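Please keep the sequence and the coordinates at hand while reading.

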Amino acid sequence: MPVLSRKSPPTLPGYLVFNPKEIKENPLNFYNRMWKEYGDLVRLPIMPNYSFYLAAHPSYAEHILSTHQELYPKPDIVNKPFNLMMGESILTSEGDFWLKHRRLMQPAFHMKHLGNLAEVMISCTESFMQEWENKLDGEVIDIAAETLRLTLKIAGQTLFSKDISDEQSVLGKAFRTGFEFVNYKMNNLWTEPLWVPTPRNQRFRRAKETLDNLVLDIIDSRRKNPIDSYDLLSMLMAARDEETGEGMSDKQLQNEVITLLVAGHETVASALAWTWFLLAEHADVAAKLQDELQSVLNGSNPTLDKLPKLEYTRMVFEETLRLYPPAWAMPRTAREDDEIQGYFIPKGSLMTAAAFMIHRHPDFWENPDKFEPDNFLPEKINQRPKFAYFPFGGGQRICIGKNFALMEATIIIALMSQRFKLELVPNQQIEIDPTFTLRPKYGIKVKIWKKIP
Ligand code: HEM
């Protein structure tokens, strides 16, 4: 056992509890300030012998998420609120359970299979755009609410071939109530336990029961009447453990279906809302995007065979994920005493790999705060350390839906930019809400203009 350094990294004097207002109001600003004042690894004491470490350097992120990942599981304070909604699942479990589920679920997210879902994504976006066609030119919409509606529509259809984005969808409503509750729990450390019959708790319990029953019904009816479908649920139901030949139970399937809904819709929606914002602010990038769409698609659909040619479209989305990473901090807890770059990390400490800060670190990005999709030209990517950019995480817990999300976003951007131009409504307050996925706090109001075909 090597002797570990006892040196502590730069430390905030006093305890985090003395800054509750700043942390609660805007954790992102607070951590950004800590990073700027104290450096790339900051210790923020929570109480005696218990600290939170903010890691804002690619090599620290790589240490936590990849090279020493076995020492850094996800913390309970994050897993527990999620568990209320989805039970034990790939997102919140560790060890053998996680490995078994990751292996069972991975094939459904393989490009070979995802290709079948491209058509579903295209047809969802087309029917969504049809609604936009009925709007007046210059009509104002909130693009953040709209992208959320679209990605929920795509999530439902790609997962179990049902549209749950409709206001009237009982499953959709139950899901939204549950999702808001998880959001609330994540952002308020001191909340009433679930058994206390507060209106909020009761609302959640009802929603959770409805959601569970409806998802179980879908699974049950699939078991009784298997349908010829390429959706993710069909893949998950067919998945078998290579060694034991076992598949997932109905309960496990139910948990994983809810997990994929949670993990897979707001992340993409939030990033897409920022994409439209950035495109509206950067006419030069928007024009370059149009040139690519014109030469590759010329008004046709971004079908699977054409996606690899939409390089700039994809770079626009990757650059958005750099500036507004939906998973802006990836929390972990130290299972054992450890040392990072000469600094001591005691067992039990909370850590976070701070993607938002690393994605804007001046040592690795020329103009850190500027929207420059050319940052994702292959020669530029090769110049940077791997963990200078990790919107989908890294190591074995890397996002299972990464290719799904990139495909979905490329399709949506390509389809919608060919048909509509979005113009920012002037004088509105646009702010990041750092509570969950960096979504725009007050939405983003845009005027919608139809393009003449
Ligand atoms: C732009 C969109 C997305 C972003 C930025 C994103 C980001 C991430 C990140 C950073 C992680 C790792 C978290 C950690 O290590 O603490 C993760 C995990 C995960 N993501 Fe995504 N995600 C996106 C879309 C999706 C989609 C579309 C799905 C599913 C359809 C999905 C499903 C999951 C699942 C199941 C995990 C847990 C994987 C595991 O622990 O093995 N994500 N995501």
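How far is an oxygen atom of the ligand from an N or O atom in the side chain of R332? The separation between an oxygen atom of the ligand and an N or O atom in the side chain of R332 is 2.7 Å, a polar contact in the sense of a pair of N or O atoms within 3.5 Å, where within protein one must be able to donate a hydrogen and the other to accept it, and where residues adjacent in sequence count only if both atoms are side-chain atoms. The model is predicted, with local features needing pLDDT of at least 70 and side-chain atom pairs counting only at pLDDT 80 or more, whereas totals for chains, interfaces and linings use all residues. Residues are numbered from 1 along each chain as its sequence is written, and side-chain values use heavy atoms, with hydrogens and water left out.

**Ligand and its iron atom**

- The elements giving two or more residues to the shell around the ligand are α5 (95–105), α11 (250–281), β4 (330–333) and α16; helices (H or I, at least four residues) and strands (E, at least two) are DSSP runs, numbered from the N terminus.
- From the protein, the iron atom of the ligand has a single donor, C399 (SG), at 2.3 Å; donors are N, O and S atoms within 2.8 Å of the metal (3.2 Å for Na, K and Ca), and sites may look incomplete, as water is not among the atoms.
- This cysteine, C399, is located in the loop between α15 (378–383) and α16 (402–419).
- The ligand is surrounded by 25 residues, of which the closest are W98, R102, R332, R397 and C399; a residue is near a molecule or strand if one of its heavy atoms lies within 4 Å of it.
- W98 has a polar side-chain atom 2.7 Å from an oxygen atom of the ligand, and R102 likewise places a polar side-chain atom 2.7 Å from an oxygen atom of the ligand.
- Helix α11 provides the largest share of the shell around the ligand, with 5 residues.
- Sorted by class, the shell comprises 17 nonpolar, 4 polar and 4 charged residues, where Ala, Val, Leu, Ile, Met, Phe, Trp, Tyr, Cys and Pro count as nonpolar, Asp, Glu, Lys and Arg as charged, and the others, Gly among them, as polar.

- Strands β1 and β2 (residues 50–55) run antiparallel and are joined by 6 bridges, with V42 standing opposite L54 in β2.

**Three-stranded sheet**

- The order β3-β11-β8 describes an open sheet of 3 strands whose pairing is antiparallel.
- Here the edge strands are β3 and β8, each pairing on one side only.
- Neighbouring strands of this sheet are turned by 40° against each other on average, direction ignored.
- Helix α7 (residues 143–160) packs on the sheet, where it touches β3, β8 and β11, and its direction makes about 65° with that of β3.
- Strands β3 (residues 139–142) and β11 (residues 445–450) pair over 4 bridges in the antiparallel sense, and D142 stands opposite K445 in β11.
- Strand β8 (residues 420–424) pairs with β11 over 5 bridges, again antiparallel, and the bridge partner of K421 in β11 is W449.
- Helix α16 lies across β8 and β11 and runs at about 85° to β8.

Key: Pairing = 2+ DSSP bridges. Axes fitted to C-alpha atoms, helices over the stretch in contact; angles between N-to-C directions. Contact = heavy atoms within 4.5 Å.
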